[in-house]
Amino acid sequence: MPESGEELSLSVAEAASLRQGFTYCPRCRAAMVNRPVYGRVRRVCSDPTCKFVQFIDPKVTAAVMALKDGRVLMVRRTMAPGRGQWCFPGGFMEIGETPQQTAARECREESGYEVEITRLIDVFYYEDYRGSGVLIMYKGHVIGGQPQTGDDSDQVGFFGPDDLPDLAFDTNRQAIALWQEGKLPDE
Ligand SMILES: [Zn+2]
């Protein structure tokens, strides 16, 4: 039976989010379908007496633009999206951790460096083939550690504003642009 939502046009991010939805209803175990409800296509339980709706939210990520001696810390990615390109250390928030802790933890895991988070740079919205997300980007500085790659990085480096590698993400490009224009918050 065709799912009613398939007739509607969806953005790439919306379609990706729906694909990550439940196959079976967690409340009554009936099949979940794509159906317009509350103003957009959502994963909805097919049982008319249950009507469970799965609200699929953007993922929340945090990253740090960590500076040392006028250069910024970046890691080269081993995972899609942006495999082989560079980005600031960052990743998905875990339950029980603040976004500042996420950024510092991801920095430690991906680069080997300890950072002190000092300021918020901006909050970015992004979309990719996985769905949509919110990136909370901090400024920080390196306070210790040694370069060490992690599960999703295979190189660690510091780069000047005129000496940048191939960047993986628009959000990182936007923050770099602020840096090059002298518009980053102080500290
Ligand atoms: Zn159900």
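Tutor: Two strands count as paired if DSSP finds at least two bridges between them. Strands themselves are DSSP runs of E with at least two residues, helices are runs of H or I with at least four residues, and both are numbered from the N terminus. Residue numbers start from 1 along each chain as its sequence is written. Please keep in mind that this is a predicted model: local features need pLDDT of at least 70, side-chain atom pairs count only at pLDDT 80 or more, and totals for chains, interfaces and linings use all residues.

Let's look closely at strand 4, residues 59-68. Strand 4 runs parallel to strand 9 (residues 131-145), and 9 bridges link the two. Within strand 9, Lys-139 is the residue that stands opposite Met-65. Strand 4 also pairs with strand 7 (residues 90-92), this time in the antiparallel sense and over 3 bridges. There, Ala-63 has Gly-90 of strand 7 as its bridge partner. A further antiparallel pairing, of 2 bridges, joins strand 4 to strand 5 (residues 71-77). In that pairing Leu-67 faces Val-72 of strand 5. Strands 4 and 5 make a hairpin with 2 residues between them, and Asp-69 in the turn has a positive phi of about 55°.

Now for the setting. The chain is divided into domain 1 (4-54) and domain 2 (59-180), with bounds that come from an automatic or database domain assignment. Taken over C-alpha atoms, the domain centres are separated by 33 Å. In all, 5 residues of domain 1 are in contact with 5 residues of domain 2, contact meaning that the C-beta atoms, placed from the backbone, lie within 7 Å. The side of domain 1 that touches domain 2 has 3 nonpolar residues, 2 polar ones and no charged ones. For that count, Ala, Val, Leu, Ile, Met, Phe, Trp, Tyr, Cys and Pro are nonpolar, Asp, Glu, Lys and Arg are charged, and the others, Gly among them, are polar.

Strand 1 is joined to strand 2 (residues 40-45) by 6 antiparallel bridges, and Pro-36 sits opposite Val-41 of strand 2.

Gly-21 is worth a stop too: it lies in the loop between helix 1 (12-19) and strand 1. Leaving out residues up to four places away in sequence, Gly-21 touches Met-32, Arg-43, Gln-54 and Ile-56.

Finally, let's step back to the whole chain. It comes to 3 helices and 10 strands, and 29% of its 187 residues count as buried. Its C-alpha atoms fill a box of roughly 60 × 30 × 30 Å along the principal axes.

How values were computed: Two residues are in contact if their C-beta atoms, placed from the backbone, lie within 7 Å. A residue is buried if 20 or more other C-beta atoms lie within 10 Å of its own, exposed if 12 or fewer, and partly exposed in between; C-beta atoms are placed from the backbone.
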